[in-house]
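Please go through the terms used for this model and say what each one rests on.

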Amino acid sequence: MLQIGDEVVYFSVVFLLVVLVTRSATWATLLTAFLYVFMVMFRFPPVPADRAARVLRPRALFSGGGVPVVAHRGGSHDAPENTLAAIREASRNGATGVELDLSFTADGVPVLMHDETVDRTTNGSGPISKLQFVQLRRLNAAAHHRMKDRFNVEKVPTLQEAVEECIRHQLTIFFDVKGQPDMVIQKLLNYTNHENQSKMRQTDPHVITALTHRPWRLSRFGDGTPRSLSTWSQLWTGVLDVLLDWAHHRVLWKLCGISAILVQKDFISRDYVQYWAERGVEVVGWTVNTAVEKEYYQNLLKISYMTDSLLEDCDPHY
């Protein structure tokens, strides 16, 4: 059910705003009622907490007092990102899950790749959407990694290969899908869960879904610098950021029936974790790359986090 305390505040604000704009209590009442009915009829119910916990807090982890640690892109500092080697290294180093990026080749094969092109991570060049799978398979996904001598040659894995490897190592998978959601859903239904909330929940109401959020995403880059030098542009995108933040925290999570929200690490506090805990939603921080930050998440916040390395400090990732 909708949380009455929250809803009274939200819909009261909507009612007052519409009254101020239209000067009509009738229109304000009708519009507010329509929005309420829309929320009730079209939102997805949350997955039962015990089912979500089995995915988000895997194994008998808490018997030892630890928190779930997710290897970002499989742990891109410790091994070539989005490869089977990274998945194996993540498991060996103590991860409970991996975050992987899913893209499609020109002939529709789902593979692990973060960028739109293969240039940064492989010895090839060009958009992945223009390459046939047989062409992609010839590339070395370890070509530019800092430990390329150790890993030598790593193929770009398919979705099926990645899922099978994760199952073998009992790792939870967080998929970040880069495009073609309809194709993704059909493929993932055969294997595991996926974060494209609306479409996925329509297909399978029991799937575990999450929202990803970084405040001020539209107006600022990850390191905090403005995206535009124009004062007007900064003001406009700042307003949009405020609305987007409000939507994530007040509307979208309810409509999608999410079980977790993935938030950029610098915006997470104990109060923030408590806010979501009261709503039955897990908070996962990204990307936590220093020992000090990890200690903060493990010992104070006691929540799951994503990291590029399970072994040592590494560069920040926004």
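This is a predicted model: local features need pLDDT of at least 70, side-chain atom pairs count only at pLDDT 80 or more; totals for chains, interfaces and linings use all residues.

Residues are numbered from 1 along each chain as its sequence is written, and side-chain values use heavy atoms, with hydrogens and water left out.

Q: Why is Thr32 called buried?
A: Buried means under 20% relative accessible area and exposed over 50%, with partly exposed in between (1.4 Å probe, protein chains only). Thr32 has 12% relative accessibility, so Thr32 counts as buried.

Q: Which residues does Thr32 touch, not counting residues up to four places away in sequence?
A: Contact means heavy atoms within 4.5 Å. On that basis Thr32 touches Phe11, Val14 and Phe15.

Q: What makes strand E4 largely enclosed by the rest of the structure?
A: Strands are DSSP runs of E with at least two residues, and helices are runs of H or I with at least four, numbered from the N terminus. E4 spans residues 172-177, and five of its six residues are buried, so E4 is largely enclosed.

Q: How do you know that strand E2 pairs with E4?
A: Two strands pair if DSSP finds at least two bridges between them. Six bridges join E2 (residues 97-104) to E4, and the two run parallel.

Q: Why are the buried residues of H7 placed on the same side?
A: In H7 (residues 159-168), Leu159, Ala162, Val163, Glu165 and Cys166 are buried. They cover an arc of only 160 degrees around the axis, which puts them on the same side of H7. The arc is that of the directions from the helix axis to the C-beta atoms.
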